[in-house]
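Dear colleague,

I am passing on the structure below, and I would be glad if you could look through it alongside my notes.

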Amino acid sequence: MAASIRLLVRRVIRHSHRNINVAVTGRLGRSSRCSGLSACRCFSDGTADGSTHFGFETVPEAEKAKRVYKVFESVAQKYDVMNDAMSLGVHRLWKDMLLHVMHPQPGARLLDVAGGTGDIAFRFLDYISSQQERQRRRAARSMQTASWQEISNSYSTEDEAEPQESRAVVCDINKEMLKVGKQKAESMGITTGLSWVAGDAEELPFDDDQFDVYTIAFGIRNVTHIDQALQEALRVLKPGGRFMCLEFSKVTNPVLARLYDAYSFQLIPVLGEVIAGDWKSYQYLVESIRKFPDQEEFKGMIEDAGFYCVQYYNLTGGVVALHSGFKL
């Protein structure tokens with residue numbers, strides 16, 4: 001009940017702040033924290049008249065979330081197959097790189113937003129398991145040369161302090177995507193350390209300071225108000241927690257950029273039609289990539305949200321960028 005009341009209060013405050021932001025940008029034209037960015041980009045992904053983009057199409061802000069929901073509802077069952085087809089399997093390497101850079105330790109708590117099919121959460125739990133096995137082997141080797149007193153002390157220490165269990169929470173607004181993720185978890189035999197929650201990235205159903213790591217992979221460009229999603233990420237992270245975003249970005253090599261454009265607009269919608277029977281959804285996904293801010297602009301948005309030590313890594317020549325920042 002208390003959590004529900006806090007969530008309701010946050011919604012009222014957020015609505016008030018949104019009205020204030022519109023008024024401020026109307027009078028001042030640009031916030032002092034938005035150096036180099038338009039006022040609309042700082043406060044919202046939309047425009048002054050309450051519209052936003054859905055791919056290359058301009059739609060009312062209230063309509064975008066519904067249309068994005070329908071896109072992912074349509075592609076959910078073929079989502080993993082299409083990811084392999086569109087990226088030639090390279091998306092697996094991008095996600096592995098995310099975990100390598102994250103380097104989570106046993107006891108860490110992860111929130112993976114827009115992660116319905118579970119790819120990041122599964123990798124997180126597997127990485128934690130590998131870390132635990134490494135620690136056990138290291139402890140076993142040290143015990144082989146330890147004195148009786150050291151062995152006795154190690155057993156008493158284990159009894160006194162049980163390590164905190166690692167957990168991964170997958171939060172996605174789309175119930176069909178969550179359904180696919182749960183089915184995958186069952187088929188893989190993953191029954192512990194994993195939770196599935198239906199929730200909006202702009203209004204997360206969690207209390208403050210709950211998670212060590214927040215991830216969002218190929219999802220933030222579909223959010224109507226990116227600034228609000230970033231503020232929510234900051235809110236639910238513990239002090240010292242890390243924000244990590246894997247998203248399509250701007251290709252840095254001109255030759256590769258031309259090849260990538262041709263592949264994206266001419267082949268990906270065709271693959272969508274052949275594999276998933278859905279041309280329009282994959283046409284939107286390609287267009288949404290082109291509308292998303294480039295690496296530097298998105299870095300500035302993360303910093304404006306209140307994160308520190310923000311940096312990014314270009315993967316595959318900038319086809320994808322991994323952004324990272326910390327809550328202090």
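Where is Lys327 found? Lys327 lies in the segment after strand S9 (320-326), where helices (H or I, at least four residues) and strands (E, at least two) are DSSP runs numbered from the N terminus.

Please keep in mind that this is a predicted model, in which local features need pLDDT of at least 70 and side-chain atom pairs count only at pLDDT 80 or more, while totals for chains, interfaces and linings use all residues. Residues are numbered from 1 along each chain as its sequence is written, and side-chain values use heavy atoms, with hydrogens and water left out.

Lys327 is buried, with a relative accessible area of 11%; buried means under 20%, exposed over 50% and partly exposed in between, with a 1.4 Å probe and protein chains only. Leaving aside residues up to four places away in sequence, Lys327 touches several residues, among them Asp209, Leu234, Arg235 and Phe307, contact meaning heavy atoms within 4.5 Å.

Turning to strand S3 (residues 109-113), 4 of its 5 residues are buried, so S3 is largely enclosed by the rest of the structure. S3 runs parallel to strand S4 (residues 167-172), joined by 5 bridges, and Leu111 stands opposite Val169 there; two strands pair if DSSP finds at least two bridges between them. S3 also pairs in the parallel sense with strand S6 (residues 211-217) over 4 bridges, with Val113 opposite Ile216.

Lastly, the buried residues of helix H13 (residues 295-304) include Phe298, Met301 and Ile302, and just after H13, Gly306 takes a positive phi of about 115°.

With best wishes
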